[in-house]
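Hi everyone, thanks for making time today. Let's walk through this one together, starting with a few single residues and then stepping back.

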Amino acid sequence: TIAKHVTARKANFCEAETKLVLTEIRKNFDKLFGKSASSSEKTLIWRTICTRVNGIYGKARDAEDLKKKWRDIRLKAKQTAARRQKEQVETGAPKTPHSELEMMVLDTLHPESVAGVGTMDTSMARLPRQQGKPG
């Protein structure tokens, strides 16, 4: 018989743990996502953040877990902000305030990455057809 290797699912991030991860990423944002730090320096920063988070919350997170959490929460914050902006434009209703965690993420983003360029709804934009090629 073939034994199945079953891995336990890692625990979800609690809100306080997520807040700490975001705080540490924001503190080191320019080095983590800019060009000023080498790959090894970035790796060291991620490991340092990981050690801090694990030391406080006692979970076995690794740097890849933190990077994935950052990507996921950034995507969710962008989607939420874009949806709220679209609803506000369509209905004229006042904007719903963002949560503290959403604001922590949105503060790291360029406004156009949420709003699109100008007033164009980039989700509905189509590229012009190239001559001779089916669209």
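**A first look around**

Let's begin with Lys-27, which sits in helix H1, residues 15-27. Helices here are DSSP runs of H or I with at least four residues, strands are runs of E with at least two, and both are numbered from the N terminus. Before going on, please note that this is a predicted model, where local features need pLDDT of at least 70, side-chain atom pairs count only at pLDDT 80 or more, and totals for chains, interfaces and linings use all residues. Residues are numbered from 1 along each chain as its sequence is written, and side-chain values use heavy atoms, with hydrogens and water left out.

Is Lys-27 buried or exposed? Lys-27 counts as exposed because its relative accessible area is 57%; the cut-offs are under 20% for buried, over 50% for exposed and partly exposed in between, with a 1.4 Å probe and protein chains only. Its side chain also makes a polar contact with the side chain of Glu-24, at 3.0 Å. By polar contact I mean a pair of N or O atoms within 3.5 Å; within protein, one must be able to donate a hydrogen and the other to accept it, and residues adjacent in sequence count only if both atoms are side-chain atoms.

Now look at Glu-17, which is also found in helix H1. Glu-17 has 0% relative accessibility, so it counts as buried. What does Glu-17 touch, leaving aside residues up to four places away in sequence? The answer is Asn-12, Val-53, Tyr-57, Lys-59 and Arg-61, where contact means heavy atoms within 4.5 Å.

Over in helix H4, residues 63-91, we find Arg-84. Arg-84 is buried because its relative accessible area is 16%. Not counting residues up to four places away in sequence, Arg-84 touches Thr-96, Pro-97, His-98, Ser-99 and Glu-102.

Let's step back to the whole chain. How many helices and strands does the protein chain have? There are six helices and zero strands, giving the pattern α-α-α-α-α-α along the sequence. Of its 135 residues, 27% count as buried. Among contacts between residues at least 6 apart in sequence, 63% join residues at least 24 apart. The chain exposes about 10400 Å², and carbon and sulfur atoms supply 54% of that; these accessible areas come from the Shrake-Rupley method with a 1.4 Å probe, and for residues only the protein chains shown count as cover.
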